[in-house]
Amino acid sequence: MWAARVNQFNGVYRGSRVLLTGHTGFKGSWLTTWLLALGANVCGVSRNYVSEPSAFVTADLAGDIDHHLQDIRDLDSLKRVITEYKPDFVFHLAAQALVSRSYTDPLDTVTTNTVGTANLLQCLRDVDWPCTTVIITSDKCYENVEWPWGYRETDALGGRDMYSASKGAAEVVFHGFYSSFFANADCKVQLATARAGNVIGGGDWAQDRIVADCMRAWTANQTVQIRSPNATRPWQHVLEPLSGYLRLGQVLAENHALSGEQFNFGPRSEQNRTVLQLITTLAELWGPTGSEVPFEVAANIPFHEASLLKLNCDKALLMLRWEPTLALDECLNMTGEWYRRFYRDKANARALMDEQICVYASLAAQRGRIWSGSL
């Protein structure tokens, strides 16, 4: 089984030096775990732990990687890590990732998400060894006019809140840096951006995220307050976009002609569900919540949220031969099972993550996903 796992993504991560920014976050913790299973050597840079508890700490990942707690807005410190570690791959996930916090601290959001991305790109200008870089932004980088079809990579960037604006700005900064400094055919650094959103899965305890809010309330036998119950989202399990990021890194390393491109990673359009439908299903999976009413609609919504947003992922299918693996019921079952086993069975968080990565990769192999290797 170990040999099969390291052969995923054509084995490009086996023995490679991989730098993750934002490795202590929800997606970062899952990506760290997967990269370790693939045989990679991982170095992580993050400002702090994004929640209490956190998946990174609960899974006890720090001892297995080169672990740095520092701010990506500190250019000199970031440059020192990159110069000393000399990564073969960089995955940039570090971000202030909460829309709600972008209202209370807009400057922190803009400097972290936009200036932090610029700092990383500035550091990469001095790299003189082959280095493949995937910059992760967000589906919220698009100017959302709430039309019923998915946004394509060529659609306008923007945002009505500071989080969305900061992610759109990060994409603009990327394009400027790439065109100015990395477009030369002899450049050692290959770069692309990845856009995804509405990610759920076990180990997410961040504030104002719907699944995390449910788990906090239900484990305390409380009623969860939900905002915008009729808002529709294309929900996807955390491993879906991560498989896209890893596939993008693989193909970008093998085909430098993709450098400078942008890619969407999301579920099929039929996986769109309202917030209310999502919570109703999760409540059924969780079982008795201990409260008479498992959820209720909040009387006051403290900030604007789009009611409709989805991505068109045809480019990833065409150029990367990537497509999602899970149906929505599988996504929800994996999420509910993780929390149920963690809280009720006292299962080990790292073991749960490893197990679900194996299950996901097995399903991907059965369904012919090209990145899955031989299982």
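Trainee: What is the relative accessibility of R268?
Mentor: This is a predicted model, in which local features need pLDDT of at least 70 and side-chain atom pairs count only at pLDDT 80 or more, while totals for chains, interfaces and linings use all residues. Residues are numbered from 1 along each chain as its sequence is written, and side-chain values use heavy atoms, with hydrogens and water left out. Buried means under 20% relative accessible area, exposed over 50% and partly exposed in between (1.4 Å probe, protein chains only). R268 counts as partly exposed, with a relative accessibility of 29%.

Trainee: Which residue does R268 meet in a salt bridge?
Mentor: A salt bridge is a side-chain nitrogen of Lys or Arg within 4 Å of a carboxyl oxygen of Asp or Glu. Here the N to O distance is 3.4 Å, and the partner of R268 is E323.

Trainee: How many residues apart are R268 and E323?
Mentor: Helices (H or I, at least four residues) and strands (E, at least two) are DSSP runs, numbered from the N terminus. R268 lies in the loop between β11 (262-264) and β12 (272-274), and E323 in the loop between α11 (314-320) and α12 (328-344). The pair thus links distant parts of the chain, and the separation is 55 residues.

Trainee: Which residues are linked with R47 in a network of salt bridges?
Mentor: R47 meets D108 in a salt bridge at 2.9 Å, N to O. D108 lies in helix α6 (residues 106-124) and R47 in the loop between β2 and α3, so the pair ties together parts that are 61 residues apart in sequence. D108 is buried at 13% relative accessibility, whereas R47 is partly exposed at 34%. The network links R47 with D71, R73 and D108.

Trainee: What is the volume of the second largest pocket?
Mentor: On a 1 Å grid over the protein atoms alone, a cavity is a set of points where a 1.4 Å probe fits but cannot get out, and a pocket is an open set with protein on both sides within 12 Å along at least five of seven lines; lining residues have an atom within 4 Å of a point. Grid points are joined across faces, edges and corners, and a volume is the space filled by probe spheres set on the points. The second largest pocket is lined by 14 residues, and R268 is among those nearest its centre, together with P267, N312, C313 and D314. Its volume is about 230 Å³.

Trainee: Which residues lie nearest the centre of the largest cavity?
Mentor: The structure holds 2 cavities of 30 Å³ or more, and the largest has a volume of about 70 Å³. Its lining comprises 13 residues, and nearest its centre lie P234, G266, P267, K310 and L311.

Trainee: Where is P53, whose peptide bond from E52 is cis?
Mentor: Most peptide bonds are trans. The bond from E52 to P53 is cis, with omega near 0 degrees. P53 is found in the loop between β2 (41-46) and α3.

Trainee: What is the phi of K86?
Mentor: Most residues other than glycine have a negative phi. K86 lies in the loop between α4 (75-85) and β4 (89-92), and K86 is partly exposed at 36% relative accessibility. Phi of K86 is positive, near 50 degrees.
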